[in-house]
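Colleague: I have a few "how do you know" questions about this one. Can we go through them with the structure open?

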Amino acid sequence: MSPDPYRFHMAIQDFQSARKKAAIQEVLARITGKSNQLLSYEEVADKLKLRARTDRGVQHIPLDAIVGSVGRDTDFTRAFLPGRAVNQQRWANVKAAMEDGAGLRPIEVYKVGEVYFVMDGNHRVSIARQEGTTSIEAHVIEVRTNIPLTPDVQPDDLIIKAEYAEFLEATRIMDLRPNVDLSVKIPGQYGKLMEQICTQECLLEREQKGIVVRQYLHPTG
């Protein structure tokens with residue numbers, strides 16, 4: 001069914017307004033140095049070594065916790081304003097359908113830590129964000145991780161997060177201390193921590209060998 005002509009016309013105007021906002025945000029991002037890009041789920045999954053998934057069913061999720069997309073991360077800004085690649089007519093059609101009360105299915109997302117990545121429904125998220133809505137119905141697949149991810153995460157943070165993931169995989173420290181928080185803010189710190197751990201392991205190994213030698217040379221009883 002075609003959308004109401006008036007709603008469609010207004011939706012086109014809303015799209016053009018959103019594109020102007022996106023252009024302004026792009027300029028501000030260059031000035032401030034703060035990224036205006038959505039995170040790529042594929043990049044995050046690779047860097048953080050994400051594997052295990054659990055279906056959490058349909059629930060309402062906060063829109064401002066949606067920070068990335070699966071395969072569409074370059075189409076929208078971090079605030080889900082439409083970029084140059086977004087088709088004006090499609091965006092307007094979806095907005096008109098939402099205003100007409102069309103029975104649209106929940107969006108589909110991955111949840112990683114405290115943030116979400118859109119698998120299906122990027123346009124609906126974009127429109128809901130521009131309308132000031134605070135939450136949206138979503139089918140949630142949680143991808144488990146020991147790496148803390150919050151809505152303020154930036155692309156540059158992924159360098160540190162990736163180092164943390166490698167550190168956890170190498171040390172298996174979460175098996176021994178599941179609640180320990182070893183987050184750092186500067187890249188390269190996990191490498192230094194690994195060096196300290198290796199040094200302590202070498203010292204312990206030497207100490208144990210020393211005990212064995214002393215027991216051999218000076219047996220008791």
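Colleague: Which residues do ring pairs link into a cluster?

Modeller: Y41, Y110 and F117. Keep in mind that this is a predicted model. By the ring-pair rule there are four aromatic pairs in the count.

Colleague: Why is the pair of Y41 and Y110 called stacked?

Modeller: Their ring centres sit 4.4 Å apart, and the planes are at 25°. Centres within 6.5 Å make a pair, and planes under 30 degrees apart count as stacked, so stacked is the word for Y41 and Y110.

Colleague: What does that pair tie together?

Modeller: Y41 belongs to helix α2 (residues 41-47) and Y110 to strand β4 (residues 107-112), so parts 69 residues apart in sequence are tied together.

Colleague: And what makes the pair of Y41 and F117 edge-to-face?

Modeller: Here the centres are 5.5 Å apart, with the planes at 65°. The cut-off for edge-to-face is over 60, so this pair qualifies. It links helix α2, where Y41 lies, with F117 in strand β5, 76 residues apart.

Colleague: Are Y41, Y110 and F117 buried or exposed?

Modeller: Buried is under 20% relative accessible area. Y41 has 6%, Y110 has 10% and F117 has 0%, so each one counts as buried.

Colleague: How do you know that β3 and β5 pair?

Modeller: Pairing needs at least two bridges, and three join β3 to strand β5 (residues 115-120), so they pair, running parallel. I66 has Y116 in β5 as its bridge partner.

Key: Residues numbered from 1 in each chain as written. Predicted model: local features only at pLDDT ≥ 70, side-chain atom pairs only at ≥ 80, totals over all residues. Heavy atoms only, no water. Helix = DSSP H or I, 4+ residues; strand = E, 2+ residues; numbered from the N terminus. Phe/Tyr/Trp six-rings, centres within 6.5 Å; stacked < 30°, edge-to-face > 60°. Buried < 20%, exposed > 50% of the residue type's maximum accessible area, 1.4 Å probe, protein only.
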